[in-house]
Amino acid sequence: MTMPAGTHRGRTRLGLLALCLSASLAAFFAASAAAWAEEPRVDCVVEPAQKLKIGSATLGILKSVPVNRGATVNAGDIIARLDSSVEEANVALSRAQAESTASIEAQQTRVELYKRRLDRQNQLSKGIVTQEKLDQVEADYEIGRRDLQTEILKHKLNGIELQRAEAQLELRMIRSPIRGIVTERLMSAGEFVRQDSAIFTLVQLDPLYVEAYLPVSRWKEIALGLPATVTLDQPIGGSYEAKVSVVDQVFDAASGTFGVRLELPNPDFKLPGGQRCKVTFPLSPGGPVATALPPGTK
């Protein structure tokens, strides 16, 4: 049976259309696969975990400032001292009083004497020792015991006074609260320190905080502890592993983004803060993460 020429041409067109559609779908899926093969990267900034202005809890004259800009300090290190001659003398006096037990030992001897006297009086017959004499000996013994308790209490108070004097001396020592680096030294020995004066600026570089902003469409895909790769801009360069430590619970409505903080270990302080970077999050079924700068960043 011979088909009409028009029908044959129509089927040919349908076949060509199907082939074109198949080729388009193949191209689309190939492009999607290529897009998924490329890891999504988000702009970010690497910052110190803390930036502290270090001052003094008391007024005084700076006696020494042993560290300078660029120095690495550990938590608890003395980085400055105020003049403490008076406080040191108070500590010496309080320590001598706290360590002395002479008054306690003397009172213990008296109590033992009163106890022996009382025992002798009790061994004598009532006809020989009057009741008045016996009452006097018992009273002496009881008073001696109470005086001993008073001396023990004084000794404890001397120990507390020593602790107070040592605390006052400790206030004259400026210690670093963190392990970090001195970025500024604002005062020198001989200057007067007020309670609102800053002596140093310290930064904590371990860990570093990586701050990034992502579109709100990715909010459900970013969780605490999620690993990511941070690639630093030149001249530092290199890629480093970090983990998500903060996911903002409030969106920025103007830009349609939310903030994410990652912690980047930096135990040797090899990586400086204050630099731009790219962060790569694991690929997810929702598609690549769009690049977004923090609100207000050009």
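In which strand does P207 lie? The answer is strand β8, and that strand comes up again below. Keep in mind as you explore that this is a predicted model.

- In soluble globular proteins, nonpolar side chains tend to be buried together.
- Here, the largest nonpolar core is made of 27 residues, and I222, L262, V279 and F281 have the most contacts inside it.
- Six strands each supply at least two residues of this core: β1 (41–54), β8 (200–215), β9 (227–232), β10 (239–247), β11 (257–264) and β12 (275–280).
- Strand β8 gives the most to this core, with 6 residues.

**Cis peptide bonds**
- Back in strand β8, where P207 lies, the peptide bond from D206 to P207 is cis, with omega near 0°.
- Another cis peptide bond joins Q234 and P235, and its omega is about 15°.
- P235 is found in the loop between β9 and β10.

**A positive phi**
- F269 is not a glycine, yet its phi is positive, at about 60°.
- You can find F269 in the loop between β11 and β12.
- Is F269 buried or exposed? F269 counts as buried because its relative accessibility is 14%, and the cut-off for buried is under 20%.

Conventions: Residues are numbered from 1 along each chain as its sequence is written. This is a predicted model: local features need pLDDT of at least 70, side-chain atom pairs count only at pLDDT 80 or more; totals for chains, interfaces and linings use all residues. Side-chain values use heavy atoms; hydrogens and water are left out. A nonpolar core is a set of buried Ala, Val, Leu, Ile, Met, Phe, Trp, Tyr and Cys residues joined through side-chain atoms within 4.5 Å. Buried means under 20% relative accessible area, exposed over 50%, partly exposed in between (1.4 Å probe, protein chains only). Helices (H or I, at least four residues) and strands (E, at least two) are DSSP runs, numbered from the N terminus.
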